[in-house]
Amino acid sequence: MKKIEIVEIGPRDGFQSVKEFIPTEVKLDVIDGLVRAGLKKIEATSFVSPKAIAQMRDAGEICRVVREKYPQTAWFVLIPNFYGAKAAVEAGIQEVSPVVSLSVSHNKANVNRTHEESIEEIKKIRGEFPDLQITLDVATVFGCPFEGRMAVPPLIDLLGKLHGSGIRAFTLCDTIGVAYPNQVRAVMEAVQKAFSDCVFNLHIHDTRNMGIINTYEGVKCGAASVQTSVAGLGGCPFAPGASGNTSTEDFAYMMAQEGYETGIDFPILLETAKKLHGCAQGSYSGHHIHINAAHQDFTR
Ligand code: COA
Ligand code: ZN
């Protein structure tokens with residue numbers, strides 16, 4: 001059976017898009033459902049400035065609880081800078097995703113840094129924490145809310161600099177959900193050709209209902225893993241127009257039908273999605289209206 005690694009990012013990308021603070025125990029309850037549903041790798045939260053995203057102010061507590069409760073799960077977190085890396089290490093986290101945007105203007109809006117400053121910071125993180133696993137999030141790979149469609153050559157250029165800083169794992173992110181399958185294919189082929197010693201994951205938003213097809217295209221093009229969000233909740237507060245992510249339950253459902261082993265228990269995942277939908281008013285991918293209808297388990 002074909003295998004695909006589905007990485008759950010709802011507790012970070014999903015929760016960060018919700019303005020009103022979600023009580024920590026509600027977050028933990030959703031995470032609990034995700035673990036029970038069989039997700040093996042989960043982005044637990046992010047260590048960012050509470051002035052930037054107040055929703056993530058309980059990052060330390062979330063990490064403490066989930067690591068203790070579920071030591072078998074591969075927990076990782078998003079970080080914007082060295083400060084975040086240090087906080088993550090102190091919380092016992094072994095893998096971080098620093099975020100750098102391909103577009104200079106989104107990098108400034110999101111983490112208040114130039115490319116050069118971000119790269120310097122990544123070198124410092126690499127040097128200071130040699131055992132820390134780093135999978136770098138490249139944001140706005142397919143399009144930027146300020147600069148429009150992004151081209152492949154500047155991506156290769158940026159990846160080259162990050163490669164020079166010792167990074168070998170990347171997650172290519174369609175931050176505002178403007179990618180289309182041909183673009184996904186062109187980008188995946190170009191990066192794999194240029195950096196054969198690296199792994200590339202894909203992270204897609206669902207602004208135009210193309211989340212699922214773009215994510216599937218990534219799988220067909222050799223993405224090491226794909227990131228999806230429970231109930232399709234997601235969005236970057238610093239990217240105007242960003243909407244929800246490809247939803248984990250829709251994607252897991254499709255992949256099971258397509259003959260892939262996902263390791264996911266669909267009914268538990270759906271139940272978790274419904275619960276989340278009932279308690280967090282946020283930015284969901286287009287599919288969410290179907291949650292209540294799709295109660296039947298056709299996956300087995
Ligand atoms: N976690 C918690 N606090 C942090 C922090 C972090 N990772 N990084 C910086 N801070 C605090 C500093 O201590 C400082 O606090 P003070 O004002 O009380 O002194 C304040 O934030 C500003 O620090 P500074 O390094 O000058 O910030 P900056 O303006 O250079 O950078 C970021 C701002 C990067 C910290 C902020 O924009 C951020 O956290 N962005 C996250 C973006 C994000 O998560 N986007 C969505 C995911 S793609
Ligand atoms: Zn995202």
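1. Gly-38 comes after helix α2 and has a positive phi, near 105°. This is a predicted model.

2. Helix α2 covers residues 24–36, 13 residues in total. From first C-alpha to last it reaches 18 Å, close to the 18 Å expected at 1.5 Å a residue. Its buried residues include Leu-28, Ile-31, Leu-34 and Val-35.

3. What do the buried residues of α2 pack against? Three helices are among the partners: α1, α3 (59–69) and α11. The strands β2 (6–8), β3 (41–46) and β4 (74–79) are also packed against by these residues. An α-helix has 3.6 residues a turn, so residues three or four places apart point the same way.

4. Lys-275 sits in helix α11, residues 266–279. Is Lys-275 buried, exposed or partly exposed? Its relative accessible area is 36%, so Lys-275 is partly exposed. Between Lys-275 and Val-26 the C-alpha to C-alpha distance is 9.7 Å, although 249 residues separate them in sequence.

5. Strand β5 spans residues 95–101, and seven of its seven residues are buried. Glu-95, Ser-97, Val-99 and Ser-101 point one way. Val-96, Pro-98 and Val-100 point the other way. Both sets are buried. In a regular strand the side chains alternate between the two faces of the sheet.

6. How do β4 and β5 pair, in the parallel or the antiparallel sense? They pair in the parallel sense, over three bridges. Ser-97 in β5 is the bridge partner of Leu-78.

7. There are four aromatic pairs in the structure. Phe-170 and Phe-200 form a stacked one, with 5.6 Å centre to centre and 15° between the planes. This pair links distant parts of the chain: Phe-170 is in strand β10 (residues 169–174) and Phe-200 in strand β11, 30 residues apart. Phe-170 counts as buried because its relative accessibility is 0%. Phe-200 is buried as well, with a relative accessible area of 2%.

8. The pair of Tyr-216 and Tyr-260 is edge-to-face, because the planes stand at 80° with the ring centres 6.4 Å apart. Tyr-216 lies in helix α9 and Tyr-260 in strand β13 (residues 260–261), so the pair ties together parts that are 44 residues apart in sequence. Both Tyr-216 and Tyr-260 are buried.

9. Two charged side chains lie over ring faces. Lys-41 lies over the face of Phe-76, at 5.2 Å from the ring centre. Arg-57 lies over the face of Phe-21, at 3.9 Å from the ring centre.

10. Which residues supply the protein donors of the zinc ion (ligand 2)? They are Asp-13 through OD, His-203 through NE2 and His-205 through NE2. These donors lie 1.9 to 2.1 Å from the zinc ion. The spacing of the donor residues in sequence is D-x189-H-x1-H. Asp-13 and His-205 link distant parts of the chain, 192 residues apart. Asp-13 is in helix α1 (residues 10–16), and His-205 is in the loop between β11 (199–204) and α9 (211–220). Asp-13 and His-205 are both buried.

Definitions and conventions:
Residues numbered from 1 in each chain as written. Chains lettered and ligands numbered in written order. Predicted model: local features only at pLDDT ≥ 70, side-chain atom pairs only at ≥ 80, totals over all residues. Heavy atoms only, no water. Donors = N, O, S within 2.8 Å, 3.2 Å for Na, K, Ca; no water. Helix = DSSP H or I, 4+ residues; strand = E, 2+ residues; numbered from the N terminus. Buried < 20%, exposed > 50% of the residue type's maximum accessible area, 1.4 Å probe, protein only. Expected span 1.5 Å × (residues − 1). Contact = heavy atoms within 4.5 Å. Phe/Tyr/Trp six-rings, centres within 6.5 Å; stacked < 30°, edge-to-face > 60°. Lys NZ or Arg CZ within 6 Å of the ring centre and 35° of its normal. Pairing = 2+ DSSP bridges.
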